[in-house]
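Let's take a walk through a protein structure together. Keep the picture open as you read, and look for each part as it comes up.

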2 protein chains.
Amino acid sequence: MKVNIADLSPAPLTYLGQVASLTLEQFQQFAACVIMAPQLLDKEQLSASAGVSVAKHHNVAAEIRARGEDPVTIMVPFSAAVKNFHTATKAHSWHEKLLTVYVTSGLLDEFFIGLASGLPKDLGPQMVTLLEDKSGRETIVQILRAAIEKDPQLGSHLALWGRRLVGDTLLLARSALLNAGTLTSDDERIEPVFTDLIGSHTRRMHELGLTA
Amino acid sequence: MKVNIADLSPAPLTYLGQVASLTLEQFQQFAACVIMAPQLLDKEQLSASAGVSVAKHHNVAAEIRARGEDPVTIMVPFSAAVKNFHTATKAHSWHEKLLTVYVTSGLLDEFFIGLASGLPKDLGPQMVTLLEDKSGRETIVQILRAAIEKDPQLGSHLALWGRRLVGDTLLLARSALLNAGTLTSDDERIEPVFTDLIGSHTRRMHELGLTA
């Protein structure tokens with residue numbers, strides 16, 4: 001049975017609040033990558049990624065305001081889940097932090113792109129365009145590929161770290177639907193969605209030269 | 001004797017490299033304020049400041065590229081001075097971090113606005129406009145004023161921290177001119193410039209309800 005992910009889509013404002021929370025979290029992760037970068041060249045390039053990321057967040061916040069609501073109020077119901085996720089995925093080094101942004105934003109962007117198919121036509125396509133912009137992650141791919149080629153031990157360490165991240169990220173994705181009330185905790189309709197997400201994640205890990 | 005600060009202006013590319021380094025540092029400071037903010041509302045508002053700040057940096061980097069140069073190469077000569085400054089002004093709490101951004105960006109923006117008067121007409125006025133945008137600092141004023149009103153002890157702690165920051169910031173300003181070769185280490189022409197900067201700094205501290 002192929003599940004239509006559109007059936008699981010939250011209501012527009014709930015969706016916007018969740019994406020606003022996640023893009024704000026992603027911005028902070030990108031910004032931490034800039035702060036932790038040991039070389040000026042990496043700082044400079046990652047600052048462009050952070051810029052893309054904070055602009056995404058402000059676009060989503062503007063969508064909430066355009067609907068007459070306050071972004072923070074709309075973000076609050078999902079903030080505890082994001083805070084737990086932040087704590088669970090706390091990186092211990094710059095390379096772990098880079099992989100964290102790459103893996104978690106890859107998974108979550110794709111998850112919310114899928115859910116956008118169930119949104120009204122005046123919101124869904126626009127959110128897909130916004131979330132499909134991967135320009136912030138390209139610098140990370142370059143930096144990690146080069147570092148992993150130079151140091152295979154780092155590669156195997158990061159492969160492990162990547163596996164650890166997947167579980168926490170899928171838990172967050174699931175909690176978004178529980179929070180939105182479109183899924184109950186014993187509902188297995190989410191499983192085929194997760195299978196697809198893990199498939200794309202595996203391809204993204206291969207792009208770094210890592211097995212998922 | 002009133003010194004004309006235009007006499008101390010670095011060459012255009014040197015100036016752009018220094019401002020690019022400082023705006024990148026300021027972005028990281030704003031971003032750290034977002035990351036450290038305990039409340040979602042403050043995170044959301046400070047993320048707008050961080051967005052303004054990273055856009056400033058990218059505008060300056062674009063000016064360097066428009067002159068056929070690579071921003072990182074042009075930033076390198078000033079990076080050791082900025083790194084020392086970063087270490088010397090390391091904050092120990094969120095409120096200290098907020099005051100650090102407020103005080104140091106206030107002083108340095110004004111210093112480089114003054115120096116812009118000695119730049120060619122196709123660069124100077126544009127840099128003044130860019131550096132005069134204080135919108136990133138307005139949120140900090142609101143947060144710190146409210147916190148200081150509630151907790152006078154925090155106020156006296158921050159007043160001390162502010163005094164400590166001034167010395168390190170003026171040292172960085174001076175090192176920019178030594179680095180540019182427009183000032184020698186025994187040159188006292190910088191003193192009246194510093195006197196003016198400290199005057200504005202005092203007014204900015206009063207805006208928070210603090211004595212400088």
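**Starting from one residue**

Setting aside neighbours within four places in sequence, B:Val128 is in contact with B:Ile113 and B:Ala116, where contact means heavy atoms within 4.5 Å. You will find B:Val128 in helix 5 (residues 124-132) of chain B. Helices here are DSSP runs (H or I, at least four residues), numbered from the N terminus. Now look for B:Cys33: 95 residues separate it from B:Val128 along the chain, and their C-alpha atoms are 25 Å apart.

A word on what you are viewing: this is a predicted model, in which local features need pLDDT of at least 70 and side-chain atom pairs count only at pLDDT 80 or more, while totals for chains, interfaces and linings use all residues. Residues are numbered from 1 along each chain as its sequence is written, chains are lettered from A and ligands numbered from 1 in the order in which they are written, and side-chain values use heavy atoms, leaving out hydrogens and water.

Staying in chain B, how do helix 4 (residues 94-116) and helix 7 (residues 152-180) cross? Their axes come within 9 Å, at an angle of roughly 35 degrees. Such axes are lines fitted to C-alpha atoms, for helices over the stretch in contact, with angles running from 0 to 180 degrees between N-to-C directions. The crossing is right-handed, meaning that the near helix is turned clockwise from the far one by less than a right angle.

Next, salt bridges: a side-chain nitrogen of Lys or Arg within 4 Å of a carboxyl oxygen of Asp or Glu. Over all chains, the structure holds 14 of them. In one, the side chains of A:Asp109 and A:Arg137 meet at 3.1 Å, N to O. This pair links distant parts of the chain, 28 residues apart, with A:Asp109 in helix 4 (residues 94-115) of chain A and A:Arg137 in helix 6 (residues 135-150) of chain A.

Finally, see where the chains meet. Each side is made of 25 residues, from chain A and from chain B. Two salt bridges are counted between the chains, and A:Arg65 and B:Glu44 form a salt bridge through their side chains (3.9 Å, N to O). On the side of chain A that touches chain B, helix 2 of chain A gives the most, with 13 residues.

Technical notes
Helices (H or I, at least four residues) and strands (E, at least two) are DSSP runs, numbered from the N terminus.
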